[in-house]
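Please look through the report below alongside the sequence and the coordinates.

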Amino acid sequence: MDTRVLKYFLTVAQTNNITKAAKQLHVTQPTLSRQIMDLEHELNATLFDRNQRRMQLTRAGVLFQRRATTILQLLDQTEEELHQKGDALTGTVNLGCVVSNASAFLMQLVNQFQQQHPDVFFNLFDGDGDVLRRQIDEAETELACLIEPVEAAKYNYLVLPVHEQWGIILRADDPLAQRKSFTKDDLSKLPLIIPHRNIVRDQVSDILKLDLRKLNAKVSNNLPNNAMELIRSGQYYGLAIGGILNLYHDPSLAFVPFSPTTSTGHVLVWKKNRTLSPAAEAFLQFVADHSN
């Protein structure tokens, strides 16, 4: 399969229009249409829904879009690595990170690493654990910082020296914000926003001996942006890590920890049986050296 055709496909997918894509690619519309049809024939799959004016991706098209993007990214990285000259480290590191206190720790290391290796480029991805693990599985990301626990059977991991306390985020003017802690008995009375990721939610419930079925869960969330808006309304309470509030620096919100103290760690993970790029390998070693 010609990589040129992959680029053609991705341009059509981005513009949703053959005419616009042909202009961007500097090819004729019939040529581009034929290339896309030949690609579908080769894959034995319909990539676009042509029943509408816009070229909408089918489910197969969405999957192929992700794969084609990954293939081209890997080819670009490989070309960079093959043309690496002398002792200077070059290349790209695809790095994902959850929204937590680990972000400040990891970004400080990215800064220090680039001071030593200015020719290394970083692609940074924010996301929750589910999104970042999917990116790792599909080779879109090489390294990802996740909240523990992780699936040890699938990933290698490096333990990072960053821990988080679990508790409740709420409005600072709420009378409950004056409390020193929340117990599991308090939670059943609150309209809660809970983490979307099951494996993390289960860990918190195990430590606190919570029965999740008895909680008044109203919303689940993966990233905190929208949840913060609901909490600011005063009608919701977020079950979350304290590091989220530290990143937002919002004086209108407060964090009250759980009792007994419930904490969790962070790990930097990469897929087992997959070779990291030289730049990613060097950065992983750099993080390990600064995590002792």
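## Overall architecture

The protein has 11 helices and 11 strands, where helices (H or I, at least four residues) and strands (E, at least two) are DSSP runs numbered from the N terminus. This is a predicted model, in which local features need pLDDT of at least 70 and side-chain atom pairs count only at pLDDT 80 or more, while totals for chains, interfaces and linings use all residues. Residues are numbered from 1 along each chain as its sequence is written, and side-chain values use heavy atoms, with hydrogens and water left out.

Taken along the principal axes, the C-alpha atoms fill a box of roughly 70 × 55 × 35 Å. Of the 292 residues, 45% count as buried, with buried meaning under 20% relative accessible area, exposed over 50% and partly exposed in between (1.4 Å probe, protein chains only). Among contacts (heavy atoms within 4.5 Å) with a sequence separation of 6 or more, 75% come from residues 24 or more positions apart.

Helix H1 (residues 3–15) packs with H3 at an angle of about 105°, with the axes 10 Å apart; axes are lines fitted to C-alpha atoms, for helices over the stretch in contact, and angles run from 0 to 180 degrees between N-to-C directions. H1 and H3 are therefore roughly perpendicular to each other, a class that spans 65 to 115 degrees, whereas angles under 35 count as roughly parallel, over 145 as roughly antiparallel and the rest as oblique. Arg4, Val5, Tyr8, Phe9 and Val12 of H1 meet Leu32, Gln35, Ile36 and Leu39 of H3. By class, this contact of H1 with H3 has 7 nonpolar, 1 polar and 1 charged residues, given that Ala, Val, Leu, Ile, Met, Phe, Trp, Tyr, Cys and Pro count as nonpolar, Asp, Glu, Lys and Arg as charged, and the others, Gly among them, as polar.

Helix H2 (residues 18–25) and H3 likewise pack at an angle of about 105°, with their axes 9 Å apart, which makes H2 roughly perpendicular to H3. Ile18, Thr19, Ala21, Ala22 and Leu25 of H2 make the contact with Gln29, Leu32 and Ser33 of H3, and the residues divide into 5 nonpolar, 3 polar and no charged.

## Nonpolar cores

A nonpolar core is a set of buried Ala, Val, Leu, Ile, Met, Phe, Trp, Tyr and Cys residues joined through side-chain atoms within 4.5 Å. In the largest one, of 38 residues, Ile168, Ile169, Leu170, Phe182, Leu187, Leu192 and Phe258 touch the most other members. Strand S6 (residues 155–171) gives the most to this core, with 5 residues. Apart from it lies another core of 27 residues, including Leu89, Val120, Ala279 and Ala288.

In helix H9 (residues 224–232), Pro224, Ala227, Met228 and Ile231 are buried. They cover an arc of only 105° around the axis, so they lie on the same side of H9; the arc is that of the directions from the helix axis to the C-beta atoms. On the other side of H9, Asn226 and Glu229 are exposed. Just after H9, Gly234 takes a positive phi of about 85°.

Glu40 has its place in helix H3 (residues 29–43) and, at 10% relative accessibility, counts as buried. Asp185 is found in helix H7 (residues 184–187) and, at 52% relative accessibility, counts as exposed.
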